[in-house]
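Subject: Structure handover

Hello,

Here is the structure you will be working with.

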Amino acid sequence: MRAASTTGRSQSAGRPGALDPAGAECTCFKLRSLSRQVTRFYDRILAPAGLKVTQYSVLGRTRACMAAGRAPTVSELAEALNTDRTTLTRNLGPLIDAGWLKVGDGPDARSKAVSLTPAGEAALRHARGMWREAERRLRETAADSDIDQLHTLIDRLLPRLTHRSSFT
């Protein structure tokens, strides 16, 4: 017996990936698998700087927000990173401990602002060349056109999923 897949391919029922929610036909599984591989790739290249790619992103987004006029609140930074406050707060700890970020009073009594320290700026600058190398090698491995198509698709889908009430 054959089971039709949502992509038009047919697969044998009971085989791994045959319309298996955790297998080959699950969009979430595919995205998470790709994300894990890309994250490991960047983490290896950024390791000499003492940063993981998630930390590099937090430092970079903090700097970008500060360049726009002021230190972002934790909520604003979480939104800029497409993450939740709890995850961001957990990820801020090691960056604060390293002296790369500081958290202080925000624009109102209930908020906290996140600032990049001079040491954080130096860490970001030091890691920038490594990040560029990771970008170059990923494009070389996956092909520029595939990465460009991936970016286009992400840029098109992320706002749709972010602003739909069923996804928030």
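In these notes, contact means heavy atoms within 4.5 Å. Helices (H or I, at least four residues) are DSSP runs, numbered from the N terminus. The model is predicted, so local features need pLDDT of at least 70 and side-chain atom pairs count only at pLDDT 80 or more, while totals for chains, interfaces and linings use all residues. Residues are numbered from 1 along each chain as its sequence is written, and side-chain values use heavy atoms, with hydrogens and water left out.

H2 and H5

In H2 (residues 53-67), Tyr 56, Leu 59, Gly 60 and Arg 63 touch Gly 120, Glu 121, Leu 124, Ala 127, Arg 128 and Trp 131 of H5. By class, this contact has five nonpolar residues (Ala, Val, Leu, Ile, Met, Phe, Trp, Tyr, Cys and Pro), three charged ones (Asp, Glu, Lys and Arg) and two polar ones (the others, Gly among them). The axes (lines fitted to C-alpha atoms over the stretch in contact) come within 10 Å and cross at roughly 120 degrees, on a scale from 0 to 180 degrees between N-to-C directions. H2 is therefore oblique to H5; angles under 35 degrees count as roughly parallel, over 145 as roughly antiparallel, 65 to 115 as roughly perpendicular and the rest as oblique.

H1 and H5

H1 (residues 27-46) packs against H5 (residues 118-142) at about 140 degrees, with the axes 9 Å apart. That angle makes H1 oblique to H5. From H1, the contact uses Val 38, Phe 41, Tyr 42, Ile 45 and Leu 46. Its residues divide into ten nonpolar, two charged and no polar.

Regards

Technical notes. Helix = DSSP H or I, 4+ residues; strand = E, 2+ residues; numbered from the N terminus.
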